[in-house]
Amino acid sequence: MAIICAAIVFVMHWLLNRKSIIINWPIVGMIPGLAQNMSRIQEAGGTFLFKGPWFSGMDFLLTSDPKNDPLFREICDPLGDGIISADSDNWRFLRRIIHSLVNQELRYDAAIERILEDKILKRLYQVLDHAYQIGSEFDLQDVIQRLTFDGICLLLLGYDPNCLASGFPHNALEKAFHEMEEAIHFRHIVPRVFWKLQRWLQIGEEKKMRRSWDLFEKFVMDCVTTKREEIITRKRTPSENQTEDNFDMLTAFLEEEDGGENVAITKSNKFLRDMTFNLMAAGRDTIYCE
């Protein structure tokens with residue numbers, strides 16, 4: 001009898017909502033509709049609240065409305081004009097550039113293998129074993145974020161901040177990047193006028209954002225300057241050309257001979273800064289524990 005009643009409820013629910021792209025089903029929420037209609041999710045009404053399974057805490061806002069783009073870019077302004085906040089033709093342009101770097105298979109794959117071997121097989125195991133030996137508790141999320149931050153800095157910039165080390169030492173760069181991400185998340189969950197007032201008064205999360213942004217921007221710009229100087233030096237001494245053993249994406253990008261009309265943009269410090277910030281955000285938070 002219970003099965004029949006449940007079947008009737010599901011049928012009635014479908015009849016009432018059959019014109020919707022995604023139906024909010026009892027118990028399972030919108031998961032079935034999302035899986036079935038992922039390729040045409042933009043037809044679901046521009047902006048709507050996605051309801052996950054009951055009691056799962058998976059509710060979130062989905063949007064495909066271009067009118068929301070300026071607000072998103074304003075909230076995520078530390079990312080500049082990078083690929084995360086880019087749209088349309090600019091997104092395709094940035095994707096092509098990043099894809100060209102990843103397609104340097106021999107150098108890129110060798111760098112990934114080298115970084116993983118150093119950071120996981122050597123450093124991570126060493127840190128976890130040390131914590132076990134002394135009976136120390138640790139935050140697994142912090143460990144993973146240190147691991148991914150070290151890895152993405154090495155891959156992008158050829159610089160090892162050594163966040164993942166025994167004793168979990170404080171690292172100003174990692175903390176600054178984390179505070180920027182926290183501030184962006186804060187902007188998403190409070191009224192716009194609230195975080196704008198904080199920014200004007202330079203208090204709270206916005207004060208942390210400004211301080212962290214200045215620190216991290218200086219770090220990235222110093223890396224860009226150093227890479228430019230290294231490339232000039234190598235051109236004067238060709239025998240010291242870069243090998244697969246010390247590949248990083250920033251150097252590979254600066255070494256690319258781009259004769260296109262966008263060369264002035266792609267070689268600018270602002271473009272390099274925005275590209276680095278965006279790829280670092282994507283690379284650091286690929287693995288995230290809640």
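View 1. A cavity here is a set of points, on a 1 Å grid over the protein atoms alone, where a 1.4 Å probe fits but cannot get out, and lining residues have an atom within 4 Å of a point; the volume is the space filled by probe spheres set on the points, which are joined across faces, edges and corners. By this rule the count comes to 1 cavity of 30 Å³ or more. The lining of the largest cavity consists of Leu156, Leu157, Met249, Leu250, Met275, Thr276 and Leu279, and the elements giving two or more residues to this lining are helix 6 (140-157), helix 10 (249-255) and helix 12 (269-284). Helix 12 supplies the largest share, 3 residues; helices are DSSP runs (H or I, at least four residues), numbered from the N terminus.

**View 2. Asp81 and Lys270 join their side chains in a salt bridge, at 2.8 Å from N to O.** A salt bridge is a side-chain nitrogen of Lys or Arg within 4 Å of a carboxyl oxygen of Asp or Glu, and the structure holds 23 salt bridges. Because Asp81 lies in the loop between helix 3 (69-75) and helix 4 (88-102) and Lys270 in helix 12, the pair ties together parts that are 189 residues apart in sequence.

**Notes.** Residues are numbered from 1 along each chain as its sequence is written, and side-chain values use heavy atoms, with hydrogens and water left out. In this predicted model, local features need pLDDT of at least 70 and side-chain atom pairs count only at pLDDT 80 or more, whereas totals for chains, interfaces and linings use all residues.

Note on methods
On a 1 Å grid over the protein atoms alone, a cavity is a set of points where a 1.4 Å probe fits but cannot get out, and a pocket is an open set with protein on both sides within 12 Å along at least five of seven lines; lining residues have an atom within 4 Å of a point.
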